[in-house]
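These are my notebook entries on a single chain, taken in the order in which I looked things up.

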Amino acid sequence: MKPEILVMAASPSASVMAQLDQHFTCHHVWRVPAGERAAFIAGVAATVRGVATTGMAGIGAALAAQLPQLEIVAVNGIGVDAVDFDALRPRGIRVTNTPGVLTDDVADLAVALLLSASRRIPTLDTYVRAGQWQAGVPVKPARALRGKVAGIYGFGRIGQAVAARLAAFGMQLRYWQPNVKAGVDVPRAASLADLAQGSDYLVVCAPGGAATKGTVDAAVLEALGPEGTLVNIARGSLVDEPALVAALANGRLGAAALDVFADEPAVPAALTALPNVVLTPHVGSLTVETRHAMGQLVVDNLLAHFAGRPLLTPVA
Ligand code: 8YV
C-alpha cells in the first residue's frame, strides 16, 4: 500500500510530479476547482499521512485537525511562516522545507529587481515601445550603483548571497538582523531603522512570521528616505503595505521593487498605479532548475520519512 498524501500545488517539474505519483497515492488538490476543494479534502482526509504544500500555503490548524493520520508536512519552499507549528508539534508531525537549493535564484531576482528599479527598466521599456525615443522625449539619468550602500535586512543564506552579488557592483554593504552573524565581514547596523537610515537600498531577506510582521514600518521607510529604494523578495508580511504605498505616493520613499505582497495574489491598485515601483508575482525561485531541485527535495523527504530513514532537510 502506497502512503496517501495531499498535493496542494503542482510542481513545474514533470519528473517531480511523476515521482510523486509513482511512490504515493496522491490526492491532487490543485486539480480541483477552488470551490470544491474543501469537500474533496474531507472525502480523503481520514487516510492521508502526508501533505506536500508550498511556502505560501503552508498548513493551517484547521487542515491539520482534519487529518487524523498526518505524519509529515513537506514544504516546497524555504519559508515556513505559513505552517502552524502549534498545531503540529503536540502531535509529533514532522516538517521539511527546501533550504539551499533556491538561494542563488532568489538572490538573482533581488539583484534584478534592484537594478530594474535603479535603472528604471520597466519605464524605459514602455518608453521605447511607445515610440517616445523617436519622438525625442528626454530620458532622465539614473543614479549609479557604484559606491551606494545596500542594507540587507536578514543575513541568512539568501541575504549573504545578495550581498556577495551587490559587492561585485561596487556597492557598500551593511546588514541587520536581531542576532549577530558570526564570521561575516559585513558590518551590522545598530537597528533596522539605523540600517535604513544609512542605506540607499534596503533589501528585505528576513523570514516571515509573527516576529518580523510589519517591521518595515512607516518609520523605517521614512529613514530610507526620498532617494531610497525598498527591495522585497522575502514575504509581504514584513512590510506595512499601506505605509509603503503612502510613502511612495507622497515622495517620502524613492522607489520600491517587490516580488512579494501582503495579500497575494492581490496587489493594491494604489501600488500598481505608481510609476516608481517594479512588481513581479512572487517568482524568486521560479526557474526550471530550482523548482526541480525543490520538488526533488519534497519527494526525497517524503520517501525518507515513509522508509524510516532520516529526513534530508527537517525544520527544527
Ligand atoms: C515559492 C517561497 O514561491 O521558498 C519560499 O518560501 O516563497 C517560494 O520559493 C513557493 O514556496 C513555491 O512553492
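Entry: histidine 282. I located histidine 282 in the loop between E11 and helix H12 (288–306). I note at the outset that the model is predicted. The phi of histidine 282 is positive, about 50°, although the residue is not a glycine.

Entry: arginine 120. I looked for a further non-glycine residue with this feature and recorded arginine 120, whose positive phi is about 55°. Arginine 120 sits in the loop between H5 and helix H6 (121–129). With 18 C-beta neighbours inside 10 Å, arginine 120 is partly exposed. I logged these phi values because most residues other than glycine have a negative phi.

Entry: proline 265. I examined the peptide bond joining glutamate 264 and proline 265 and found it to be cis, with omega about 5°. Proline 265 belongs to the loop between E10 and helix H11 (269–272).

Entry: H1 against H12. I next followed the chain into H12 and asked at what angle helix H1 (residues 14–23) and H12 pack. The angle is about 15°, and the axes are 9 Å apart. H1 is therefore roughly parallel to H12, as angles under 35 degrees are classed in that way. The crossing of H1 and H12 is left-handed. On the H1 side I listed Ser15, Val16, Gln19, Leu20 and His23, which meet His292, Gly295, Gln296, Val299 and Leu303 in H12. By class, this contact of H1 with H12 comprises 4 nonpolar and 6 polar residues, with no charged residues.

Entry: H5 against H7. I then took helix H5 (residues 103–119) and helix H7 (residues 157–167), whose axes come within 9 Å and cross at roughly 50°. This angle makes H5 oblique to H7. The crossing of H5 and H7 is right-handed. From H5, the contact draws on Thr103, Asp104, Val106, Ala107, Ala110 and Val111; from H7, on Arg157, Ile158, Ala161, Val162, Arg165 and Leu166. I counted the classes in the contact of H5 with H7 as 8 nonpolar, 1 polar and 3 charged residues.

Entry: alanine 150. Leu166 of H7 also turned up among the contacts of alanine 150, a residue of strand E6 (residues 149–153). Is alanine 150 buried or exposed? Alanine 150 is buried, since 28 other C-beta atoms lie within 10 Å. Beyond residues up to four places away in sequence, alanine 150 touches Leu166, Met171, Leu173, Ser199, Tyr201 and Val203.

Entry: helix H10. Last, I asked which residues of helix H10 (residues 241–249) are buried. They are Glu241, Leu244, Ala247 and Leu248. Viewed down the axis of H10, these buried residues fall within an arc of 125°, so they line one face of the helix. I recalled here that residues three or four places apart in an α-helix point the same way, because there are 3.6 residues a turn. The cover over the buried residues of H10 includes helix H9 (218–224) and strands E9 (229–232), E10 (255–258) and E11 (277–279). Just after H10, I noted a positive phi of about 80° at glycine 251.

Methods:
Residues numbered from 1 in each chain as written. Predicted model: local features only at pLDDT ≥ 70, side-chain atom pairs only at ≥ 80, totals over all residues. Buried ≥ 20, exposed ≤ 12 C-beta atoms within 10 Å, placed from the backbone. Helix = DSSP H or I, 4+ residues; strand = E, 2+ residues; numbered from the N terminus. Arc of directions from axis to C-beta. Contact = placed C-beta atoms within 7 Å. Axes fitted to C-alpha atoms, helices over the stretch in contact; angles between N-to-C directions. Parallel < 35°, antiparallel > 145°, perpendicular 65-115°, else oblique. Left-handed = near helix turned anticlockwise from the far one by under 90°. Nonpolar A, V, L, I, M, F, W, Y, C, P; charged D, E, K, R; others polar.
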